Amino acid sequence: MYDELTEVDIKKMQEEINYRVRELRPQLIEEVKVARSFGDLSENFEYKAAKREKNRNDSRIRYLENMIKTAVV
């Protein structure tokens with residue numbers, strides 16, 4: 001399946017990918033590290049929440065990259 005996108009759409013998606021990779025991902029990785037340092041991971045809500053946010057970000061990046069890759073301009 002191909003998505004019909006304009007060049008402006010693709011540019012906006014690429015800008016979002018760049019933001020998520022360069023700025024947001026390092027912040028989320030740091031949050032995971034800090035939450036991990038709190039101790040017992042089985043009962044550590046902060047760790048689970050940080051991992052969930054990191055995974056959501058990574059999922060969004062993959063989704064946008066796939067949209068761009070399969071787009072018809």
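Trainee: In which hand, left or right, does α1 pass α2 in their crossing?

Mentor: A crossing is left-handed if the near helix is turned anticlockwise from the far one by less than a right angle, and right-handed if clockwise. Here α1 passes α2 in a left-handed crossing. Before going on, note that this is a predicted model: local features need pLDDT of at least 70, side-chain atom pairs count only at pLDDT 80 or more, and totals for chains, interfaces and linings use all residues. Residues are numbered from 1 along each chain as its sequence is written, and side-chain values use heavy atoms, with hydrogens and water left out.

Trainee: At what angle do the axes of helix α1 and helix α2 cross?

Mentor: Axes are lines fitted to C-alpha atoms, for helices over the stretch in contact, and angles run from 0 to 180 degrees between N-to-C directions. Helices (H or I, at least four residues) and strands (E, at least two) are DSSP runs, numbered from the N terminus. The axes of α1 (residues 7-36) and α2 (residues 45-69) cross at roughly 160 degrees and come within 9 Å. The two helices are therefore roughly antiparallel, a term for angles over 145 degrees.

Trainee: How do the residues of the contact of α1 with α2 divide?

Mentor: They comprise 15 nonpolar, two polar and 12 charged residues. Ala, Val, Leu, Ile, Met, Phe, Trp, Tyr, Cys and Pro count as nonpolar, Asp, Glu, Lys and Arg as charged, and the others, Gly among them, as polar.

Trainee: Which residues of α2 are buried?

Mentor: Buried means under 20% relative accessible area, exposed over 50%, and partly exposed in between (1.4 Å probe, protein chains only). In α2 the buried residues are Y47, A49, A50, K54, N57, D58, I61, L64 and M67. The buried residues of α2 pack against β1 (3-4), α1 and β2 (71-72). By comparison, R52 lies in α2 and is partly exposed, at 39% relative accessible area.

Trainee: Is A35 buried or exposed?

Mentor: A35 is buried, with a relative accessible area of 3%, and its place is in helix α1. Contact means heavy atoms within 4.5 Å. Leaving aside neighbours within four places in sequence, A35 is in contact with N44, E46, Y47 and A50.

Trainee: Where does D40 lie?

Mentor: D40 is in the loop between α1 and α2. D40 is partly exposed, with a relative accessible area of 48%. From D40 to T6, 34 residues apart in sequence, the C-alpha separation is 48 Å.

Methods. Parallel < 35°, antiparallel > 145°, perpendicular 65-115°, else oblique.
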